[in-house]
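Have the viewer open and follow along.

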Amino acid sequence: PLAASSSRRRVPGERASLASIAESQPSPPAPAPAVPTAAPAANPNASLLDNAEQAENTLLTLLGKDTDSLISYRGGPAKELVAYAHRWLKLVGEEFRDEVTEGLLKRPRGIECTISVLGPVKDSSRGAQWLTVKIKENKSEDEEAAPDPTAMHMLWLSAEFGVVFYISGYQPDRRGDKFRAITFDAEALRHGRAVPPRDLPRVKARCVELASASTTLQRVHALCSIGKLDPVLAAALTSPEAAPAAAHSPWAPLDEKSLLPSVQKQLSRLNPGQRAALCGLDGAVTVVQGPPGTGKSSFITAACLSRVPAGSRILACTATNKAIDSLVAKLEAAGLTQMLCVGSRRAMGEASCRYLMSSVLARDGFVAAAETAIEQHSANVRRIEAELRELPVPDAALLKAGGGKSGGGGGGGVCVRR
């Protein structure tokens with residue numbers, strides 16, 4: 001998804017949110033006995049993505065549909081939170097399995113790589129293997145596009161050998177970087193069974209990207225850390241009707257008379273449903289639902305301009321480029337121009353492209369002056385280097401003239417030609 005961020009306003013974020021737990025909380029509780037427990041990570045706040053064996057165990061649990069074992073009621077969070085996490089873990093697992101199955105059925109055409117199996121990982125409970133991975137370069141002239149993804153936490157399909165590689169770890173090596181992976185039989189995985197293949201490729205295997213497990217594992221980590229959630233947010237998620245009242249509303253009161261004329265004009269266009277939702281913003285978590293074409297972008301624009309406390313920042317994410325472009329255009333029309341859009345220029349709309357990093361910097365006078373100074377400096381360096389190349393080459397005899405014998409009193413000299 002693309003994001004539009006404003007330095008003027010911000011949806012209140014003093015309290016923790018479920019989506020941010022994965023970045024700051026400890027690794028999830030150990031899985032049930034059916035999934036061997038990995039050794040604890042050296043960093044107690046490390047993400048699930050940082051522990052290869054734990055990531056492998058979690059992935060196998062998701063593929064095996066036993067998501068309830070990822071978090072238990074024993075000595076952990078409140079039962080309501082665990083039940084909430086169980087519901088979402090089930091959905092996360094279903095979504096991931098559907099993505100993998102669909103990719104196996106359609107024979108994906110994505111990023112390509114070449115994988116060579118080096119040998120087994122010592123003491124691995126899952127039969128992990130060491131690999132070398134060479135990703136096929138994807139040349140792009142789009143300076144805003146994201147860099148080519150790494151091989152980590154990706155599932156790669158070798159159609160030739162019927163093998164799926166899940167890369168869970170990485171180890172730098174002076175003879176060549178190594179990746180850790182567990183393998184699956186592609187045909188069995190297509191039918192919902194996560195079993196290792198009978199044989200591994202003994203030669204280089206050409207593979208194609210099947211799916212990414214990064215987002216799925218981050219969601220699992222957040223849900224398994226739900227016990228660390230702020231009590232107000234936890235109550236809002238599990239039992240909104242019983243949620244304790246906050247000391248003060250995180251939203252600014254709606255005072256239309258104090259708003260700028262451009263914002264008042266934006267609010268005047270809202271229909272009764274949009275206005276009711278705008279006035280109803282009160283708690284830490286609010287869900288506003290509406291089918292396509294019902295004016296969600298207009299509502300979000302109105303909320304950003306009238307209900308978010310001044311001086312805050314906003315992070316807006318959408319599932320499509322078209323939606324973010326519509327939101328950016330509405331915010332711009334209402335006078336909010338301190339925005340930054342993230343994404344590929346080729347895929348974004350006209351309004352969003354005006355707020356890409358390169359576009360914003362091009363309009364910045366300080367940056368333009370710095371670029372001019374750098375270009376002038378580079379021109380001076382090139383001129384000096386050209387002059388040095390025109391200097392005559394010293395005679396070889398002159399280079400030796402200053403060097404005396406050992407013990408002599410002659411001076412020494414060095415002649416350097418760049």
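## Before we start

This is a predicted model, where local features need pLDDT of at least 70, side-chain atom pairs count only at pLDDT 80 or more, and totals for chains, interfaces and linings use all residues. Residues are numbered from 1 along each chain as its sequence is written, and side-chain values use heavy atoms, with hydrogens and water left out.

Helices (H or I, at least four residues) and strands (E, at least two) are DSSP runs, numbered from the N terminus.

Start with strand E6, residues 178-185. It is mostly covered, with seven of its eight residues buried; buried means under 20% relative accessible area, exposed means over 50%, and partly exposed is in between (1.4 Å probe, protein chains only).

Which way do E5 and E6 run relative to each other? They are antiparallel, and eight bridges join E6 to strand E5 (residues 163-171). Two strands count as paired if DSSP finds at least two bridges between them. In this pairing, Gly-169 sits opposite Arg-180 of E6. E5 and E6 make a hairpin with six residues between them, and Gly-176 in the turn has a positive phi of about 140 degrees. Strand E3 also runs antiparallel to E6, joined by three bridges, and Gln-129 stands opposite Ala-181 in E6. As a rule, side chains in a regular strand alternate between the two faces of the sheet.

## A lysine under cover

Lys-178 belongs to strand E6. Is Lys-178 buried or exposed? Its relative accessible area is 18%, so Lys-178 counts as buried. Leaving out residues up to four places away in sequence, Lys-178 touches Leu-118, Trp-130, Leu-131, Gly-169, Tyr-170, Gln-171 and Asp-173. Contact here means heavy atoms within 4.5 Å.

## Two loop residues with positive phi

Asp-123 is not a glycine, yet it has a positive phi of about 65 degrees. You'll find Asp-123 in the loop between strand E2 (112-120) and strand E3 (129-135). With a relative accessible area of 70%, Asp-123 is exposed.

His-153 isn't a glycine either, and its phi is positive at about 55 degrees. This histidine is in the loop between E3 and strand E4 (154-158). His-153 counts as buried, at 4% relative accessibility.

## Helices H9 and H10

Next, look at helix H9 (residues 296-306) against helix H10 (residues 321-333): they pack at an angle of about 45 degrees, with their axes 9 Å apart. H9 and H10 are therefore oblique to each other. On the scale used, angles under 35 degrees are roughly parallel, over 145 roughly antiparallel, 65 to 115 roughly perpendicular, and the rest oblique.

Who makes the contact? From H9 come Ser-297, Ser-298, Ile-300, Thr-301 and Cys-304, and from H10 come Ala-323, Ser-326, Leu-327, Lys-330 and Leu-331.

Gln-266 is placed in helix H7 (residues 261-268) and is buried, with a relative accessible area of 7%. How far apart are Gln-266 and Ser-298? In sequence they are 32 residues apart, and in space 8.1 Å, C-alpha to C-alpha. Setting aside neighbours within four places in sequence, Gln-266 is in contact with Ser-298, Thr-301, Leu-305, Lys-330 and Ala-334.

Technical notes: Axes fitted to C-alpha atoms, helices over the stretch in contact; angles between N-to-C directions.
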